[in-house]
Amino acid sequence: MRLSLAAALFSAALAFAPGASAQGAAPLATIVGSPLPYRIDLPKGWEIVRESEVVEHGKNHVVAGRGGPAAVVLLATDLLEGTPFHGPGAEERRKLTDMLLGSDSAMYEFLNGHGPDAHLSEVVREIRSLGGQRAAYMKAHDESEDEPHWFEMHVTVRTESCTCS
Amino acid sequence: MYVLMMTADGDSYAAHESLFARIRDSVVLPPTPAPR
């Protein structure tokens, strides 16, 4: 899986992140994708970046948000015909997602999108739970910035289809 | 299908975990287009 743009957005989000603030109860605002109407709620006041990432056979639709010391990147990977993860229907999409979620090696592969390991030290990679659902977890010290810092991240892959017509 | 990456610096990550779970639960994708 190619996550180059997402990784770049991710790194940029952290590079420009100002000081820490607790945002666990922050009010959320709904972001709607275009032209494909995916939706995600992100904290009000976050900076939003929308991009499309060209992959081998199509595009991923990407939205990134950042605020304070945190960043979120969403890739909608299978919405266009011809993309590697495009399936003929909801059932195939669900099966593929279950297969990826059930594979430790596949979940770890998503973590590899965050830059070359040469810039990282004391790396910890684990499969963990985020809010009761399976996710890949990584903690590392990033030494590629002017100001070296610790970061932690979760990566998950899921299927959610709206019931709208 | 979507891939969601969520990160924060090491000093504040724990404070963001519940926020990240809320964001993950908010994602809705349109149905996959039918094959032609």
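This is a predicted model: local features need pLDDT of at least 70, side-chain atom pairs count only at pLDDT 80 or more; totals for chains, interfaces and linings use all residues.
In chain B, which has 36 residues, buried positions account for 50% of the chain, and the secondary structure consists of 1 helix and 1 strand. The helix, α1, spans residues 13–26 and includes B:I23. This isoleucine has 22 C-beta neighbours inside 10 Å and, because the threshold for burial is 20 or more, B:I23 is classed as buried. Once neighbours within four places in sequence are set aside, the contacts of B:I23 comprise A:I40, A:D41, A:L42 and A:V72 from chain A, together with B:M6 from chain B. Although B:I23 and B:L4 are 19 residues apart along the chain, their C-alpha atoms are separated by 9.4 Å.

The largest nonpolar core contains 39 residues, among which A:V72, A:V73, A:L74, B:Y2 and B:V3 touch the most other members. Two or more residues of this core are given by each of several elements of chain A, namely β2 (39–43), β4 (58–67), β5 (70–76), α3 (104–111), β7 (133–142) and β8 (149–158), and likewise by β1 (2–9) and α1 of chain B. The largest share, 7 residues, is supplied by β5 of chain A. Because residues of the core come from both domain 1 (1–86) and domain 2 (104–165) of chain A, the core lies between these two domains. In soluble globular proteins, nonpolar side chains tend to be buried together.

Technical notes: Residues are numbered from 1 along each chain as its sequence is written. Chains are lettered from A and ligands numbered from 1 in the order in which they are written. Helices (H or I, at least four residues) and strands (E, at least two) are DSSP runs, numbered from the N terminus. A residue is buried if 20 or more other C-beta atoms lie within 10 Å of its own, exposed if 12 or fewer, and partly exposed in between; C-beta atoms are placed from the backbone. Two residues are in contact if their C-beta atoms, placed from the backbone, lie within 7 Å. A nonpolar core is a set of buried Ala, Val, Leu, Ile, Met, Phe, Trp, Tyr and Cys residues joined through C-beta atoms within 7 Å. Domain bounds come from an automatic or database domain assignment.
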